[in-house]
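Subject: Handover of a structure and findings

Dear colleague,

Please find below the structure that I am handing over to you.

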Amino acid sequence: MGTVLLSAKNIVRRFGGLTAIDKVSIDLHQGAVHAVIGTNGAGKSTLVSILSGELPPNEGSIFMNQADITAWPQPRRARAGLGRSYQRTTIFPNLSVHENCRLAAQANKQKFWSWASAAKHCAYSNEAADRALELAGLARDAARIAGLLSHGGKRQLEIAMGLATHPQILLLDEPLAGMGPEETERMLGLLESLKSDLAILLVEHDMDAVFKISDVITVMVNGSVIAHGEPGAIRNDPQVQTAYLGEEQ
Ligand SMILES: Nc1ncnc2c1ncn2[C@@H]1O[C@H](COP(=O)(O)OP(=O)(O)OP(=O)(O)O)[C@@H](O)[C@H]1O
């Protein structure tokens, strides 16, 4: 695995009396898909929100390329190369696929003079959108109205919108939710093709997909990490089998 691009150390997050994240540490490496799995309510989405900067941790630190970004708000992290996709679809359904990507690129690169120029004339964001659609396998759908894409196509578009911001790190929260087998295969192929340049964090309930695509897996139960390692080791870990995989079977 490549360099550590994002590192979180001893993260704690409480909601009132509930400790949703309890001293969780995680390193995301370039060229690797790092899955975080766990039972419902284990704290996976909370962890993603803390890494992306949408929620502050109560304790712990987050580093990106060795800079301490714990106090950075979400837009600053995004500009520095931290992209995320969401559990719910977040596209603009009435705009074209290309326009969605262009706006994502433009929003991430706001300059004070951009208020005065029409977005469609912005060369930077047009190029970023072209590149993202090419990478995400959506170039042929650029002119289609986003709301008319299939469910899988919309999830692909969300990844393309993330890519339009030129991320180094991509945080994906259940990108396979609601997908059929063919769409899942396509998405896994896409993640595989993207991963050499990126560090990818994948929160996902589809265990077949997780074990197929991940280089490293972290298993969470009730806010704590109970195991961390390569897929083979995780599959055979008795504690994981009891706490989580056994429950699935
Ligand atoms: N904003 C909030 N306010 C209060 N409690 C919250 C909030 N967000 C999450 N929680 C609680 O924190 C715990 C962790 O939730 P989280 O959504 O991170 O789990 P998860 O592992 O992503 O679950 P799932 O797999 O069901 O999406 C849960 O008990 C949840 O109810």
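Residues are numbered from 1 along each chain as its sequence is written. This is a predicted model, in which local features need pLDDT of at least 70 and side-chain atom pairs count only at pLDDT 80 or more, while totals for chains, interfaces and linings use all residues.

Helices (H or I, at least four residues) and strands (E, at least two) are DSSP runs, numbered from the N terminus.

Ile62. This residue belongs to strand β4 (residues 59-64). Ile62 counts as buried because it has 23 C-beta neighbours inside 10 Å; the cut-off for buried is 20 or more other C-beta atoms within 10 Å, with C-beta atoms placed from the backbone, against 12 or fewer for exposed and partly exposed in between. Beyond its neighbours within four places in sequence, Ile62 is in contact (C-beta atoms, placed from the backbone, within 7 Å) with Ala8, Leu51, Ile69 and Thr70.

Helix α4. This helix (residues 123-135) has 13 residues. Its buried residues are Ser125, Ala128, Ala129, Ala132 and Leu133. Seen down the axis of α4, they fall within an arc of 130° (taken from the directions from the helix axis to the C-beta atoms), so they line one face of the helix. They pack against α3 (97-108) and α5 (151-163). Just after α4, Gly137 takes a positive phi of about 75°.

Strand β9. Five of the six residues of β9 (residues 216-221) are buried, so this strand is largely enclosed by the rest of the structure. Strands pair if DSSP finds at least two bridges between them. Five bridges join β9 to β3 (residues 32-38), running parallel, and five join β9 to β10 (residues 224-229), running antiparallel. In the hairpin of β9 and β10, Asn222 takes a positive phi near 45°.

Yours sincerely

Technical notes
Contact = placed C-beta atoms within 7 Å. Expected span 1.5 Å × (residues − 1).
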